[in-house]
Amino acid sequence: MKKRRILSLFLAGLMLVGLAGYSSQVGADSEPVKFTLWHSYVGADMRAPFMDEILKKFSAEYPDIKIVEEQIPRDQYQTKLKTLAAAGQLPDAFVLWPNAMTQEFAKAGLLADINDLLEQNPDWKNSFVAPALKEFTVGGKTYSAGIGVSVTSIVYYNKALFAKYKLAYPKTYKQLLNVVKVFKKNGVIPISLGNKPKWPAQSTIFSLMANRRTGSEWLDNVLSKKGAKFTDKQFVAALKDLKTLTDLGAFNKDYNSLDNVQMRDYFYRGQAAMMIDGSWALTDMISKAPDALKKNIEMGVLPAFEGGKGDPNVMSGVSATGIVVSAKASPKQKEAIKKLIKFVTDKNAQQLYVKSSIPVSFKNVDIDPGKVDPLFAKLVDLIKKHPFVTVYDSALNSEQTEIINNGLQAVMMGMQKPEDLAKQLQAAVK
């Protein structure tokens, strides 16, 4: 009897140990997967409200995934990201620009691809417009999907000011120069610009201006060293075109003291006739521009350049930024981040883009003009009419981008000759 009691106690003890082990195992498995996420969707960025809403929805649907989010303003973001990349301390997930920046990070072995995610979800994969995946693909491996698309060269203009001075929207560069002269003569800023961060002049104005002069294949040939060079006369001519506009007084005098958000105030107050900015300006415009101005806002593209080799109907644009996976993330983190990538770009997210006035990255998304802001409806119509060509800071590597951003500012201020900037850029083609 005593032996039977001892045996029973022993078996009970084993069961307790087993249950304890099972309990701890369940606890371990049910612990949330945690990863860090860096992005630049903050402040006036049009994706800030979208990101806030989509992350809340993601957390509700995936309570077992915890995201440690860090928001960094756009003008600081790329520098911080590249510094951490050099130090081998990248976050688990982060927003990255397509094309050149993705290529740099991928070739350095810093990213994990999402090919398996695309293969497992063919309907999702096949819904994207081409740039949304193509511009994140390097050597057959895709690293992200664009959260919408970014049009970088929209000319927002006040048709009431054009009518007041009996001006038509310019269809040629020569007509643009005349429009600038008339507005300048009448105390109206022709084009509002904020180039303090140095990238706006390149991204929103010069990239398309150069394309008007050179055509699209020329830049590809320069970078692949197939006969074309930055020192070619048509590229130097584009640099001189920008200098001519500046010397005519096309821009507000403090264009180097304002950023691309502050510059919008001139346009909103009716002090500037035009503003050349990206699609990212739209949500700010919808929320801040006076109603009296909104009804007079139209959108166009840069005019044709006499003698130019480029198609005058195109505008510059790329896939928007996308979330990528760090190569150093753990297997569980990688799976969790891939769920997020799909979540922020699926058909439900695309409808949220529309609500947030973000141009969609799916081919077939129903947009009812009567249910969206009229300015967003105008942007959608503009995109349908004008195909995209690449923007320079998407095609150039980090060194070349820094040279052109700094150089354009110097050329506009008369501190560097267009020919010297062209030579400097060509020297950076390795």
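Author: A definition comes first. Ala, Val, Leu, Ile, Met, Phe, Trp, Tyr, Cys and Pro count as nonpolar, Asp, Glu, Lys and Arg as charged, and the others, Gly among them, as polar. The model is predicted, so local features need pLDDT of at least 70 and side-chain atom pairs pLDDT 80 or more, while totals for chains, interfaces and linings use all residues. Residues are numbered from 1 along each chain as its sequence is written, and side-chain values use heavy atoms, without hydrogens or water.

Start with the largest pocket. By class, its lining has 12 nonpolar, 12 polar and 7 charged residues. A pocket here is an open set of points on a 1 Å grid over the protein atoms alone, with protein on both sides within 12 Å along at least five of seven lines; lining residues have an atom within 4 Å of a point. The largest pocket holds about 760 Å³ of space. That volume is the space filled by probe spheres set on the points, which are joined across faces, edges and corners.

In total, 31 residues line the largest pocket. Nearest its centre lie Asn99, Asp220, Leu223, Thr390 and Ala395. Two or more lining residues come from each of helix 4 (100–107), helix 7 (130–134), helix 10 (199–214), helix 11 and helix 19 (392–395). Helices are DSSP runs (H or I, at least four residues), numbered from the N terminus. Helix 11 gives the most, with 5 residues.

On helix 21 (residues 418–427), the buried residues are Pro418, Leu421, Ala422, Leu425 and Gln426. They fall within an arc of 135° seen down the helix axis, so they line one face. The arc is taken from the directions from the axis to the C-beta atoms. Lys423 and Ala427 are exposed on the face turned away. Buried means under 20% relative accessible area and exposed over 50%, with a 1.4 Å probe and protein chains only.

A cavity is a set of points where a 1.4 Å probe fits but cannot get out. The whole structure has 1 cavity of 30 Å³ or more. The largest cavity holds about 50 Å³. Its lining is Val155, Tyr169, Pro170, Leu176, Ile191, Met274, Ile276, Leu302 and Pro303. These divide into 9 nonpolar, no polar and no charged.
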